[in-house]
Amino acid sequence: MMAAWLEVLSIVLIALGAFFYATGTIGLLRLPDLYSRLHALTKADNLGLGLLILGLLPWAADLFQALKLILIWVLVLMAGATGAHLIAKRALRGDGEDEALR
């Protein structure tokens, strides 16, 4: 049985994670150029996912499930950073369909 303070902490962390996801989405929709939209989205989503994972860790049934949650976060961090780098590099070169978005 989980302690009441741990449940409250978990709910607060999950709510903060959802808040950062919403903030990243607003940044994606409202910021003026590709680079600032990309920056806002990757930073807010990575922090949001980290807070969600921290909020879910107390609910993990065993250590293996907790390690899987942490592994998911690490893999998403690496994929997000790689994807953002590739998008920014292509936009900086100025080739492809990105010209219409500028």
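**View 1. Packing of helix α2 against its neighbours.** The buried residues of α2 pack against α1 (4–30) and α3. The model is a predicted one, in which local features need pLDDT of at least 70, side-chain atom pairs count only at pLDDT 80 or more, and totals for chains, interfaces and linings use all residues. Residues are numbered from 1 along each chain as its sequence is written, and side-chain values use heavy atoms, with hydrogens and water left out. Helices (H or I, at least four residues) are DSSP runs numbered from the N terminus. Buried denotes under 20% relative accessible area, exposed over 50%, and partly exposed the range in between (1.4 Å probe, protein chains only). Contact denotes heavy atoms within 4.5 Å. Among the buried residues of α2 are Arg-37, Leu-38, Thr-42, Asn-46, Leu-49, Leu-51 and Ile-53. The 23 residues of α2 reach 32 Å from the first C-alpha to the last, close to the 33 Å expected at 1.5 Å a residue; the expected span of a helix is 1.5 Å times one less than its number of residues.

**View 2. Helix α1 and its buried positions.** Ser-10, Leu-13, Gly-17, Gly-24 and Gly-27 are buried in α1, and the buried residues of this helix pack against α2. The end C-alpha atoms of α1 are 39 Å apart, in agreement with the 39 Å that its 27 residues should span at 1.5 Å a residue.

**View 3. Leu-41 and its contacts.** Leu-41 is placed in helix α2 and counts as partly exposed because its relative accessibility is 23%. Leaving out residues up to four places away in sequence, Leu-41 touches Gly-24 and Leu-28. Leu-41 and Met-78, 37 residues apart in sequence, are 14 Å apart in space, C-alpha to C-alpha.

View 4. Thr-42 is found in helix α2 (residues 34–56). A polar atom of the Thr-42 side chain lies 2.9 Å from the backbone oxygen of Leu-38. Apart from its neighbours within four places in sequence, Thr-42 is in contact with Gly-80 and Ala-84. Asn-46 also lies in helix α2 and is buried, with a relative accessible area of 19%. Not counting residues up to four places away in sequence, Asn-46 touches Trp-73, Val-76 and Leu-77.

View 5. Leu-34 has its place in helix α2 and is partly exposed, with a relative accessible area of 22%. Its contacts, apart from neighbours within four places in sequence, are with Ile-87 and Ala-91. A distance of 9.1 Å separates the C-alpha atoms of Leu-34 and Ile-87, which are 53 residues apart along the chain.

View 6. Helix α3 has 31 residues and reaches 45 Å from its first C-alpha to its last, close to the 45 Å expected at 1.5 Å a residue. Ala-66, Leu-69, Ala-84 and Ala-91 are the buried residues of α3, and the buried residues of this helix pack against α2. Leu-63, Leu-67, Ile-70, Leu-71, Val-74, Leu-75 and Met-78 make a nonpolar surface patch of about 640 Å². Patch residues have over 30% relative accessible area and no salt bridge, nonpolar side chains (Val, Leu, Ile, Met, Phe, Trp, Tyr) being joined within 5 Å and like charges within 9 Å. A salt bridge is a side-chain nitrogen of Lys or Arg within 4 Å of a carboxyl oxygen of Asp or Glu. Accessible areas come from the Shrake-Rupley method with a 1.4 Å probe; for residues, only the protein chains shown count as cover. Leu-75 is placed in helix α3 (residues 63–93) and counts as partly exposed at 43% relative accessibility. Just after α3, Gly-94 takes a positive phi of about 80°.

Technical notes:
Helix = DSSP H or I, 4+ residues; strand = E, 2+ residues; numbered from the N terminus. Polar contact = N/O pair within 3.5 Å; in protein donor to acceptor, adjacent residues only side chain to side chain.
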